[in-house]
Amino acid sequence: MTVAVVCGGVGAARLLRGMIQIVPDSELTAIANVGDDIVLHGLNISPDLDTIVYTVSEAVSAERGWGLEGETWQAMEALGRYGDTNWFSLGDKDIGTHLYRTHRLGEGATLAEVTGEIAKAWDLNFTLLPVTNDVVRTMVTTADEGEISFQDYFVRRQHDVAVTSVRFAGADHCQPAPGVLETINSAERIVVAPSNPAVSIDPVLAIPGVRDALIARRADTVAVSPIIGGKALKGPADRLLKELGREATAVGVARWYAEVVGTLIIDEIDADLAPAIEAEGVKAVVVPTIMKDKADAAALARVCLS
Ligand code: FO1
């Protein structure tokens, strides 16, 4: 079965770790968010793409969920000496990925081309596509400090500030990367990963043509709720949904996605919310959704395709 997975970072990477166990590489395409991307120290950093590569290749830091296992931080310490930005931690090994990406983009390669090269170098053989080769930046308006960049919000402020709105700067001028719309149009199943709807999936949908392509495929599109028992497993999705005036429950997620998703997979703990989800016109499927290991991820991936 050909499968397209619409991805943010950590939750998506964990689901993909299951997908690769049951979907042949040639039939699997991940379409990933690049709204979190940032240029720091002259380096092009694409956190969600790298989290996917490192997680699926079993190299990710288990403790952090991003970056590489067994990192050292000497380059960051050296930057600290010069008083340069060091709130965004780049591990010594991870920096190699950013150096390579920056070098290849400087040579004129597209982000999709470089991403393919990076994935291959980590022995990944499924297709990993940034949603666009162009620049889109997730921007967060805070109650107290005005608009700040996503990483400024997420890492520097540890997502511990009140948010009043989110926008995707530049999205209107972006084109989907080659293959993105074709994949959405032709995949037999489309899966929206358990990523943050407001800041990980919405920037993918904001690229012109992507939302409409998904609307046309709604019947074949399933999402996995990133909210379990009213809480996000990781990150600020629950808090953000509330601050943006939504319900921080699986029902709130169903409402958020109702236009593009025909089925929502929710955790057993939320079984009693199934009727309210179906009242939104979204079919609810109740299963265990917490991915503690590869076997859990494969089981959830199987449900997504069933
Ligand atoms: N997350 C943090 O909480 N602190 C960091 O210093 C940090 C550095 C970092 C470097 C490279 C990378 O690929 C990811 C990094 N992340 C860090 C994670 C990243 O900010 C978030 O996971 C995503 O952008 C949200 O999906």
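1. Basis of the values. The model is predicted, and local features are given only where pLDDT is at least 70, side-chain atom pairs count only at pLDDT 80 or more, while totals for chains, interfaces and linings use all residues. Residues are numbered from 1 along each chain as its sequence is written, and side-chain values use heavy atoms, with hydrogens and water left out.

2. The largest pocket. A pocket here is an open set of points, on a 1 Å grid over the protein atoms alone, where a 1.4 Å probe fits and protein lies on both sides within 12 Å along at least five of seven lines; a lining residue has an atom within 4 Å of a point. The largest pocket holds about 940 Å³ of space, a volume being the space filled by probe spheres set on the points. Its lining has 42 residues, and Gly 9, Val 10, Trp 66, Phe 154 and Lys 234 lie nearest the centre.

3. Make-up of that lining. Among the helices (DSSP runs of H or I, at least four residues, numbered from the N terminus), H1 (10-22), H2 (47-56), H4 (94-106), H6 (150-156) and H8 (197-205) each supply at least two residues to the lining of the largest pocket; H2 gives the most, with five. The lining comprises 21 nonpolar, 15 polar and six charged residues, where Asp, Glu, Lys and Arg count as charged and Gly is placed among the polar residues.

4. The ligand and its shell. The ligand takes up the space of the largest pocket, on the criterion that more than half of its atoms lie within 2 Å of the grid points. It is surrounded by 13 residues, of which Asp 36, Asp 48, Trp 66, Ser 89 and Gln 151 are the closest; a residue is near if one of its heavy atoms lies within 4 Å. H6 gives the most to this shell, with four residues, and by class the shell has eight nonpolar, two polar and three charged residues.

5. A nitrogen atom of the ligand lies 3.3 Å from an N or O atom in the side chain of Trp 66. The protein covers 91% of the 540 Å² of accessible area (Shrake-Rupley method, 1.4 Å probe) that the ligand has on its own.

Conventions:
Polar contact = N/O pair within 3.5 Å; in protein donor to acceptor, adjacent residues only side chain to side chain.
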